[in-house]
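Here is a chain to explore together, one question at a time. Have a look at it first, and then follow the conversation below.

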Amino acid sequence: MYKLWMTIQKEFLLLVRDFGGLAILFVMPVFLVITVTLIQNNTYENITNQKMEILLVDLDKGEISNRLMEEVKQSGAFEFVSQLDQKTITEQTAKEAVRTGKYQLAIVIPAELSSNLDQRINSNVERVLAHFVDGDTLKENTAFVPQEVKLYFDPALQTSFKEGMKGAIDKIVAKIENKTIYKAFASQLSEDSQPQQLFEQQSLIQFKEIAPKEENTNVIPNAVQHNIPAWSLFAIFFIIVPLAMNIVKEKNQGTNVRLYTMPTSPLILLGGKVITYLVICLLQFYLILLVGKFVFPTIGLASFDFEGKLVGLTIITLFAGLAAVSLGVLLGTVAKTQEQSSPFGATFVVILAAVSGIWVPTFAMPQVMQYVAKASPMNWALEGYYTTLLRDGGLWQMRYDIILLLLFSLLILTIALLYDKKKRYL
């Protein structure tokens with residue numbers, strides 16, 4: 001036990017003297033989490049909470065365009081801009097403003113849209129009523145060219161964002177069309193001064209969003225809940241870099257040779273490194289938790305709530321840290337120089353984060369990459385965090401993630417020990 005304690009003390013002294021390594025381990029993750037969360041949080045607010053300005057070129061000046069503006073205003077998601085520099089917007093100026101990125105969308109409503117639509121709907125209503133009420137033969141519909149409402153999108157917008165905006169606008173337009181059709185039928189069937197009361201125009205179906213929980217709680221995920229665990233994992237696995245560099249430095253300086261000549265088992269030397277860097281992983285995670293809990297509210301972000309979940313988070317962090325440390329030990333054992341270990345370790349962590357769902361959710365990946373993500377230790381740990389934070393799961397629900405992380409760590413450490421033993425006996 002004394003030898004193990006002295007080994008741990010040696011590793012801590014090496015870390016304390018390396019200010020650059022400490023900055024990578026503690027300062028970089030904090031700035032990374034704050035920056036990424038601020039960016040994503042503002043993106044989510046722009047889409048869901050803040051009104052998006054849309055350029056409107058109204059060539060119709062009729063009832064349909066007025067209804068469109070009323071419905072958009074009631075939706076609370078968009079806001080029309082019809083003037084730029086105190087001048088009425090034309091289609092050409094709107095197109096140019098969108099092309100240069102000043103606005104993300106412009107809508108051009110064609111001339112005589114209201115009159116043409118009313119005429120078409122009234123014609124259809126009269127034809128249907130004449131057939132069913134008066135018994136006339138159903139006449140063929142006259143040719144009709146659909147009115148074209150132009151949408152100018154910023155070329156830099158992502159396709160998914162375009163489709164979402166088109167869907168929101170299409171929903172508003174469909175609502176206007178339904179109201180117009182109801183009104184036409186009511187006008188034909190009722191002699192009352194208020195024919196619109198003949199048809200109920202409220203929505204017949206409503207959607208209620210529910211997050212399935214075992215208890216009667218409904219936690220709505222936000223950018224903070226996703227980024228704290230995700231980028232904590234990124235920081236934890238980045239421990240590969242300083243750990244591998246320290247192992248390579250010991251080999252190049254001959255320190256490991258002197259250690260192996262001592263009456264000490266290699267398992268004790270390895271255990272000292274593993275325990276030391278596991279403690280560092282926990283300190284990293286707790287630091288990011290405190291930042292999410294106390295610093296985020298001061299900069300306009302939601303506070304990270306982990307009440308009653310600290311034990312589960314700590315356990316999954318320990319096994320995630322063990323997986324990261326095992327990779328660092330293997331890299332340090334195989335690499336011959338720091339120039340090999342440092343770039344490879346940093347690049348490997350970035351690639352691992354990319355395929356594990358840290359940057360892009362796994363469900364949005366191609367099918368092949370989804371299988372790759374399921375084989376990643378970082379993804380196992382991330383799923384464990386989500387089980388605890390968002391699904392109200394306990395250790396039993398996380399058991400498969402924990403077992404996979406443990407087996408992975410033992411396999412990698414065994415490979416590192418066997419490789420080191422083989423090199424020492426050459």
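This is a predicted model: local features need pLDDT of at least 70, side-chain atom pairs count only at pLDDT 80 or more; totals for chains, interfaces and linings use all residues.

Student: Which ring is stacked with that of Tyr385?
Tutor: Look for a ring whose plane is at 10° to that of Tyr385, with the two centres 5.4 Å apart. Planes under 30 degrees apart count as stacked, so this pair is a stacked one. The partner of Tyr385 is Phe285.

Student: How many residues apart in sequence are the parts that this pair ties together?
Tutor: Phe285 lies in helix H10, whereas Tyr385 lies in helix H14. The pair therefore links parts of the chain whose separation in sequence is 100 residues.

Student: Is Phe285 buried or exposed?
Tutor: Buried means under 20% relative accessible area. Phe285 has a relative accessibility of 1%, so Phe285 counts as buried.

Student: What kind of aromatic pair do Phe285 and Tyr286 form?
Tutor: A search of the whole structure finds 7 aromatic pairs. For Phe285 and Tyr286, the distance is 6.3 Å centre to centre, with 50° between the planes. Stacked needs under 30 degrees and edge-to-face over 60, so this pair is tilted.

Student: How many helices and strands are there in the chain, and what percentage of its residues count as buried?
Tutor: The chain has 15 helices and 6 strands. It has 426 residues, and the share that counts as buried is 41%.

Student: How far apart are the C-alpha atoms of Met378 and Leu233?
Tutor: Met378 lies in helix H14, and it counts as buried because its relative accessibility is 0%. Leaving out residues up to four places away in sequence, Met378 touches Leu233 and Phe237, among others. Met378 and Leu233 are 145 residues apart along the chain, and their C-alpha atoms are separated by 6.9 Å.

Student: Why does Asp401 count as buried?
Tutor: Asp401 is in helix H15. Beyond its neighbours within four places in sequence, Asp401 is in contact with Ile316, Trp380, Glu383, Gly384 and Thr387. Buried means under 20% relative accessible area, and Asp401 is therefore buried with a value of 13%.

Student: Which strand does the salt bridge of Glu91 reach?
Tutor: The structure holds 3 salt bridges. In one of them, the side chains of Glu91 and Lys150 meet at 3.1 Å, N to O. Glu91 lies in helix H4 (residues 91–99), so the pair ties together parts 59 residues apart in sequence, and Lys150 lies in strand E6.

Student: About how many helical turns separate Glu96 and Arg99?
Tutor: Glu96 and Arg99 form a salt bridge, with the closest N and O atoms 2.5 Å apart. Both lie in helix H4, 3 residues apart, so their separation is about one helical turn.

Student: Are Glu250 and Lys273 buried or exposed?
Tutor: Their side chains meet in a salt bridge (3.2 Å, N to O). Glu250 lies in helix H8 and Lys273 in helix H10, so the pair ties together parts 23 residues apart in sequence. As for Glu250 and Lys273 themselves, each is buried.

Student: What area does the nonpolar surface patch with Val295 have?
Tutor: Val295 is found in helix H10, and its relative accessible area of 33% makes it partly exposed. Together with Leu290, Phe294 and Ile299, Val295 makes a nonpolar surface patch of about 350 Å².

Definitions and conventions. Residues are numbered from 1 along each chain as its sequence is written. Side-chain values use heavy atoms; hydrogens and water are left out. Patches are made of residues with over 30% relative accessible area and no salt bridge: like charges are joined within 9 Å, nonpolar side chains (Val, Leu, Ile, Met, Phe, Trp, Tyr) within 5 Å. Accessible areas come from the Shrake-Rupley method with a 1.4 Å probe; for residues, only the protein chains shown count as cover. A salt bridge is a side-chain nitrogen of Lys or Arg within 4 Å of a carboxyl oxygen of Asp or Glu. Helices (H or I, at least four residues) and strands (E, at least two) are DSSP runs, numbered from the N terminus. Buried means under 20% relative accessible area, exposed over 50%, partly exposed in between (1.4 Å probe, protein chains only). Rings of Phe, Tyr and Trp (its six-membered ring) pair if their centres lie within 6.5 Å; planes under 30 degrees apart count as stacked, over 60 as edge-to-face and the rest as tilted. Contact means heavy atoms within 4.5 Å.
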